[in-house]
Number of protein chains: 4
Amino acid sequence: MPSQARSGVTVTAILDATIQVLIGDGLTRLTTTRVATRAGVSVGTLYQYFADKRSLVAAVKQRHLGEIVGVVEQACAMNRGAPLRVMVTSLCHAFIDAKIRRVDESRALYSAGAEVDGDVLVRAASLRAQQAIAAMLVTAPDATFEDPAVAALMLSTATIGPVQALLEAGAPAPMVALLRTHLTELCVGYVERIGGSGAARSTVGR
Amino acid sequence: MPSQARSGVTVTAILDATIQVLIGDGLTRLTTTRVATRAGVSVGTLYQYFADKRSLVAAVKQRHLGEIVGVVEQACAMNRGAPLRVMVTSLCHAFIDAKIRRVDESRALYSAGAEVDGDVLVRAASLRAQQAIAAMLVTAPDATFEDPAVAALMLSTATIGPVQALLEAGAPAPMVALLRTHLTELCVGYVERIGGSGAARSTVGR
Amino acid sequence: MPSQARSGVTVTAILDATIQVLIGDGLTRLTTTRVATRAGVSVGTLYQYFADKRSLVAAVKQRHLGEIVGVVEQACAMNRGAPLRVMVTSLCHAFIDAKIRRVDESRALYSAGAEVDGDVLVRAASLRAQQAIAAMLVTAPDATFEDPAVAALMLSTATIGPVQALLEAGAPAPMVALLRTHLTELCVGYVERIGGSGAARSTVGR
Amino acid sequence: MPSQARSGVTVTAILDATIQVLIGDGLTRLTTTRVATRAGVSVGTLYQYFADKRSLVAAVKQRHLGEIVGVVEQACAMNRGAPLRVMVTSLCHAFIDAKIRRVDESRALYSAGAEVDGDVLVRAASLRAQQAIAAMLVTAPDATFEDPAVAALMLSTATIGPVQALLEAGAPAPMVALLRTHLTELCVGYVERIGGSGAARSTVGR
DNA sequence: CATGAATGAGGTTTCATTCAT
DNA sequence: TATGAATGAAACCTCATTCAT
C-alpha cells in the first residue's frame, strides 16, 4: 500500500482539490471523479491513496482540525503564567488568525456538516483544544477557576459561532477587526466573571 | 404549492419523517422513498407537497429556524425596558429552552450542514434574531450600546456553539444546568463590558 | 417490495435475458445493463426484482435445477414398484428429455461454473434428486440394495457427465440417440451389479 | 512467450498462487495483483510470463488437465491386453488417485467453470483421454466393442460426476473408498454389457 | 529483468423523479 | 388525489494493463 509512502505532492493535490470541489459544489455534488480531475490525476490514483470518498473528506477534515488545534495548543503553551486578560486575548487572536489563514477549508467543511464521520473528529479536536486551554487557565496568576474544564469548553465553543458568521461569510477587513475586538471582550468578560480576581471577582459576587 | 393547504397532517408527517431519517441516516442517505415510507405515504404523495428533495429538507430547516427565531423574538419583545442583566438572562434561557424542545431537529439539521440552500436560510433567520435582540438592547435603561447590531450579532452567534456542543451531544441534566449558568455569564459579561452601566462600564474604560 | 407480486412477465423476461447473455458472453461479461437491455427493461427495473447480479444468476440457476429435479422426481414417483430395468431406463430418458428441453440453460449455467453461490444450490438439487431416486430404487421388486443412497448418488452424478459432453456440446440427433442407449446401459449395468436380482446378482457375486 | 524459459520457479509460483486465489476467491475476484502478491512477485513480473489474465487461468487449466490425462494415458498404456475388468478397474483407480493428488486444483477449476477458453481445453483433454481409453479397450482379450470410441467417451465422462461430487466436496476417507468400489462397478458393468464376453454379452443380446 | 504507481474504461448499484392506473 | 413501478443518469469503485524507473 502506498498509503505509507504517500507521495506527498499527489496527496496534497488531491486534498486541495477536495476542498475546492467542496467549496464549489458541496458534499453532495462532490464526486471522486471531479476531485481527481481537479487534482490532475486519475480516479484510480485517488483510490490508491484514499479508501473511499468518505475517508477522503475525513482526511481533509482531519488536516484542517489538526492545524487549528495545533495553533490553539501553541498559543496556550506560550501564554502559561500570563495574566488572564493576556491569555484570552492571545487565544482569540491566534484562533482568528488560524481561521483566516484557512478560510476556504473552514467554509468547505462547514458546508459539509457532520455528514462524514459524524462529529467524532470535531469532538476529538475540540477536546484537545479544551485540554490545552484548561491547562493554560489554571496557570493564571490573577485568577482561580472552580471548574477550568467548563471554562475551556465555553471558550472553545463560543468563539466558533462569531468567527464562522463573519469570516466564513466573507466579511470585509473592518468587520474582521471588529470581530477581533468583540470576541476578545466576550471571552475576557466571561473568564473574569467566573474566575477573575479582584474587581472582576467582586462583580460576580455582587 | 399546496403545501399550505389543508392536508397539514400529511405535510407534518412528511416533515417529521424527514427529521427522523436525517437523524438516523444523514442527508446523504436520505432518500425520498425512505422518507415517504417512514411517513406512511407513497413517494408520489410526497412529490405532491414538495417540489423536490431539496425543498423538502429546506422546509424542515425553515420550520425549525422559524420556531427558534420566534421564541427569541418573543423573549426580546417581553423584555424591552428590562435591566440589561435580565434581558440577557431571559434571552439565554429562552434560547436553551427552545433548543431543548427540539433537540432532534437541531441534531438532524446540524448533521445536514449547509448542503441545502447553503446558508441562506440560516443567515436570514439569524438576521431576524439579531434585529429583535438589537431592538431589545437599545431599550435597556442601564446601558448604552455604541453598536447594538454588532452586540446582537455576537450574542446570537456566540450562544450557538456551547448549546450545540452540549445539547446536541446529549449532555445530561446537570451539564445542561451548568450550560445555562455559564452561557448567561458569558453573555452578561460581554454586554456589561461593551454597553454595561456603572462599574462594568468603567472597567471597560479602564 | 414487488418481489412478492413479481410481475411474472417482467421477471421471466429478465431471467431469459440472463440466460441469453450467459450463453453469449459468459458470466464475466454478463453485465446487469446488458441483461436489462436484452430483456427490454431498464437497469432500475432489474434491480427492483433482483437484489444484485449474484441473486439474478442464482435465480436462473435455481429455476433450472428446480425444473430438472422436478422431472426426475416425477419420473421416480411414476416408476415405483416397476422392474429395476424399467425404473432406470425411465429415469435416464426423463433426464435426457428434460435436459434437451433446456439445453440453453444447461450450457449457460455450466459455463458459469460454481462462481455463484458456490455449489450450494447444485448440491441441494442433487440431494433432492438422490432422495427421489433412492425412494424409487427400494421399491424395485426384482432387486435389493444394501445402500440405496449410494446407488442414487452414483446414478445422479454419473449421468451428468455424458449428458453434458454430448448435449451441451450440441451433438446431432443420432449421437443423442446413442447417448440415450449407452446411458441406459451404464445405469442398468450398475444397478444390476450392485442390487440386481437373479442372474445379474450372481454375476456380481462371481 | 518466455513462460517456457528457465524461470520455472517463478512461473510455478504464479500458477500455484492462481490456484490458491481461485479456491479462496473464485474467478470473479481473482485479480492479477492479488495473484502476483500471493506469488511473491510484482504484477509487472506476472505480465512478463503471462500475456493476460485469461492465459494465466488457461495455463493453470492446461497444467491440471495435462496431469490428469497423462495419468490416464499411462494407465491405459500399462493395461493393454489385460482382461476387461482389470483394464477398467485400473483406469478408475488411476483417475481417482490423480484427482485426489490435486483436489485443490480440481475444486478451483471447477468453480471457474468454462469461463476461460470455453470448453476448448477440456474437450481437447477429454479427447486425448478417450483416444487412450479406446486404444486400450480394443486390446481386451475377453471383449469386442462395436464402437470403442463411444465406450471411451462414456467411460471418461461418466466418471467425472461421481468423483466431483465426492472428492471435490471433501468427502471423508470411507466415502472415498466407497466411491472407488462403486465407480469401478459402474464402469465394469457398462463395458461388460456393451462389449463384454460370455454371460454379460448374452445379457445385452437378450 | 523487476517493480508498482498510474491509468481510465467500464461495471454495479442507487435514487430522484415521472406517469399510468 | 394517491400510488408505486419504471426509468436512466450518474455515482462509486475495481482492476487489467502499461511504462518509467
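Predicted model: local features only at pLDDT ≥ 70, side-chain atom pairs only at ≥ 80, totals over all residues.
**View 1. Chain A superposes on chain B by a rotation of 180 degrees**. The shift along the rotation axis is 0.1 Å. The RMSD of the superposition is 0.1 Å. The two copies are thus related as by a two-fold rotation axis. In chain A, G113(A) has the C-alpha nearest the axis. That C-alpha lies 1.9 Å from the axis.

**View 2. Chains A and B meet through the same surface**. Of the interface residues of chain A, 100% are also interface residues in chain B, so the copies share that surface in their meeting.

**View 3. Chain C and chain D are in contact**. Chain C brings 28 residues to the contact, and chain D brings 29 residues. On the side of chain C that touches chain D, the elements giving two or more residues are α6 (103-112), α8 (148-158), α9 (160-168) and α10 (173-195) of chain C.

**View 4. α10(C) gives the most to the side of chain C that touches chain D**. Its contribution is 9 residues. By class, this side of chain C has 15 nonpolar residues. Another 9 residues are polar, and 4 are charged.

Note on methods:
Residues numbered from 1 in each chain as written. Chains lettered and ligands numbered in written order. Least-squares fit on C-alpha atoms with pLDDT ≥ 70 in both. Contact = placed C-beta atoms within 7 Å. Helix = DSSP H or I, 4+ residues; strand = E, 2+ residues; numbered from the N terminus. Nonpolar A, V, L, I, M, F, W, Y, C, P; charged D, E, K, R; others polar.
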